[in-house]
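Work through the exercises below with the sequence and the 3D view open. Try each task before you read its solution.

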Amino acid sequence: MEKITVSSQPIEGQKPGTSGLRKKTKVFMGPHYLENFVQAIWNGIGGAAGKTFVLGGDGRYFNERAAQVILRMAAASGAAKVIVGKNAVLSTPAASHLIRKRATDGGIIMSASHNPGGIDEDFGVKFNMANGGPAPEDVTDRMFEATKTLTSYDILETQDIDLSAVGTTRVAGMDVEVVDPVEDYVALMEELFDFDKIRALFATGFKMKFDAMHAVTGPYAHEIFERRLGAPVGSVLNGVPLPDFGGRHPDPNPIWAKPLVDLVMGADAPDFAAASDGDGDRNMILGRGVYVTPSDSLAVLAANAHLAPGYAGGLAGVARSMPTSRAVDRVAEAMGLDCFETPTGWKFFGNLLDAGRATLCGEESAGTGSDHVREKDGVWAVLLWLNILADTGKSVATLLSDHWMTYGRNYYSRHDYEAVDAARASDMIDALRGKLIDLPGQKFAAGIVESADEFAYDDPVDNSRSERQGIRITFEDGSRIVFRLSGTGTVGATLRVYLEAYENNSDKLHAKAEDALSDIIASADQIAGIKAYTGRTAPDVKT
Ligand code: G16
């Protein structure tokens with residue numbers, strides 16, 4: 001075993017986005033690409049010497065090879081210990097939990113989340129801090145700066161380290177502890193939820209289908225839903241993790257998880273269904289004949305979380321990302337809770353959770369979570385829903401329609417235009433920015449614009465400011481359009497258009513979202529010229 005210093009030079013474009021660095025797998029596999037970025041992580045956090053880290057990934061193509069490189073680089077840089085999931089696998093929330101539980105200095109998660117996997121698809125690397133949450137912008141900025149000046153990296157020359165069995169080995173003065181990826185996480189879930197009550201629900205014949213999408217949650221779901229809670233074997237679909245996720249996008253939305261949606265809309269529908277994504281932090285919730293939007297799910301969970309033992313004392317506050325619908329705001333108002341509006345990216349919730357100002361957080365992008373970890377958590381969201389269903393005895397459809405009767409309904413949809421020409425997309429946003437001042441008072445299909453601005457966030461805990469976080473246009477009746485460019489795509493630009501309208505007339509709560517939003521959809525194109533700029537006549541994905 002010999003520590004060597006390899007000469008390298010800066011590689012362009014290693015700028016972490018909404019959630020770490022995501023690129024095509026072949027880009028990550030290119031000469032020095034991964035190594036440079038890992039060295040930049042060490043530089044960005046003030047070195048690895050003497051530190052303890054967690055390492056895991058979602059098991060996608062290149063996961064284990066990358067883990068070997070990261071371990072050899074950690075050892076060469078003097079890290080004291082790395083705790084690794086068996087076979088280098090850990091779901092993102094399980095990694096966040098382990099980072100916190102073992103009081104480590106942070107961790108590296110290898111994932112491109114809901115993006116497809118395989119040699120021709122996507123890979124990603126992100127660093128989470130000692131609180132278990134994604135590195136905030138000042139830290140990722142330091143990493144990016146380091147990528148621009150780097151001239152070498154340190155790595156150990158050694159055989160592959162065996163990650164297939166639980167136990168500790170020593171590699172050039174560094175301990176490598178391989179742990180079961182599921183065990184600690186399940187124990188945490190048992191503390192938060194009433195497993196007896198959920199078990200009793202399954203004992204009545206309650207039927208559930210959980211689509212693990214051949215991604216990381218398979219083993220977690222088999223253990224929790226089938227073994228511990230007694231859901232019949234076969235309740236977990238696609239539970240075997242595959243490096244290419246079976247060729248699908250592991251993205252739990254009505255497009256990529258269509259077979260599950262078809263199932264709940266069909267004659268043989270289960271009572272409850274859910275799906276999670278590549279790394280296990282996203283979720284989609286469905287009931288017999290009903291799809292629950294992520295924004296509605298957050299609102300329903302906020303209104304009912306106290307029914308689960310972990311939240312019986314009530315919530316300190318709630319938080320949502322700006323483009324997420326304002327359904328949860330109404331719950332917060334009724335319950336007298338603080339409600340925070342943050343930019344897109346789970347990292348922005350970290351300070352609020354650490355400071356005890358928010359207990360529950362959520363995003364329109366299929367993410368919900370709480371202060372139990374510092375990431376969103378797909379399986380956790382499913383368990384909270386199950387706990388609420390078991391406690392109330394209501395169906396998903398009844399719970400949702402009761403919720404709308406109480407709080408009104410925020411019709412909501414997101415339209416994505418993927419892989420559009422990056423220059424055209426940014427021209428469109430620039431043009432929109434230039435128009436903001438003149439928009440108020442103008443009339444479009446959705447009515448008269450009341451306000452138009454670009455969202456900036458002042459963090460109430462550390463007073464940092466994040467600018468240019470999305471353009472929002474609000475109409476006099478409260479409906480809203482938000483435009484922003486995604487920070488997680490790997491090809492060209494992805495334009496996201498978020499559409500929302502509020503309705504509290506009890507006769508109008510059960511329309512199709514597409515119909516309720518038709519004027520707003522038309523206004524989005526009138527205002528931004530989406531078709532003209534992107535050349536697209538329709539979005540690629542509607543959620
Ligand atoms: C990541 C972030 C989320 C964000 C989502 C979409 O999720 O953690 O906070 O909402 O991307 O971001 P964008 O709109 O910039 O593509 P994940 O599940 O991909 O890690």
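**Exercise 1: the sheet**

Seven strands form an open, antiparallel sheet, in the order 20-21-24-25-26-19-27. Strands are DSSP runs of E with at least two residues, numbered from the N terminus. Two strands pair if DSSP finds at least two bridges between them. The model is predicted: local features need pLDDT of at least 70, side-chain atom pairs count only at pLDDT 80 or more, and totals for chains, interfaces and linings use all residues. Residues are numbered from 1 along each chain as its sequence is written, and side-chain values use heavy atoms, without hydrogens and water.

Task: Find the strands that stand at the edges.

Solution. Strand 20 (443-444) and strand 27 (541-542) each have a single partner strand, so one side of each lacks a neighbour in the sheet.

Task: Describe how strand 21 and strand 24 pair.

Solution. Take residues 447-454 for strand 21 and residues 471-475 for strand 24. The two run antiparallel and share five bridges. Then locate alanine 452: isoleucine 473 of strand 24 stands opposite.

**Exercise 2: the ligand**

Task: List polar side-chain atoms that lie close to oxygen atoms of the ligand, as polar contacts (N or O pairs within 3.5 Å).

Solution. Start with glutamate 363: an N or O atom of its side chain is 2.5 Å from a ligand oxygen. For arginine 282, the distance from a polar side-chain atom to a ligand oxygen is 2.7 Å. For histidine 114, it is 3.0 Å. Finish with the cover: alone, the ligand exposes 470 Å², and the protein buries 99% of that (Shrake-Rupley method, 1.4 Å probe).

Note on methods. Polar contact = N/O pair within 3.5 Å; in protein donor to acceptor, adjacent residues only side chain to side chain. Helix = DSSP H or I, 4+ residues; strand = E, 2+ residues; numbered from the N terminus.
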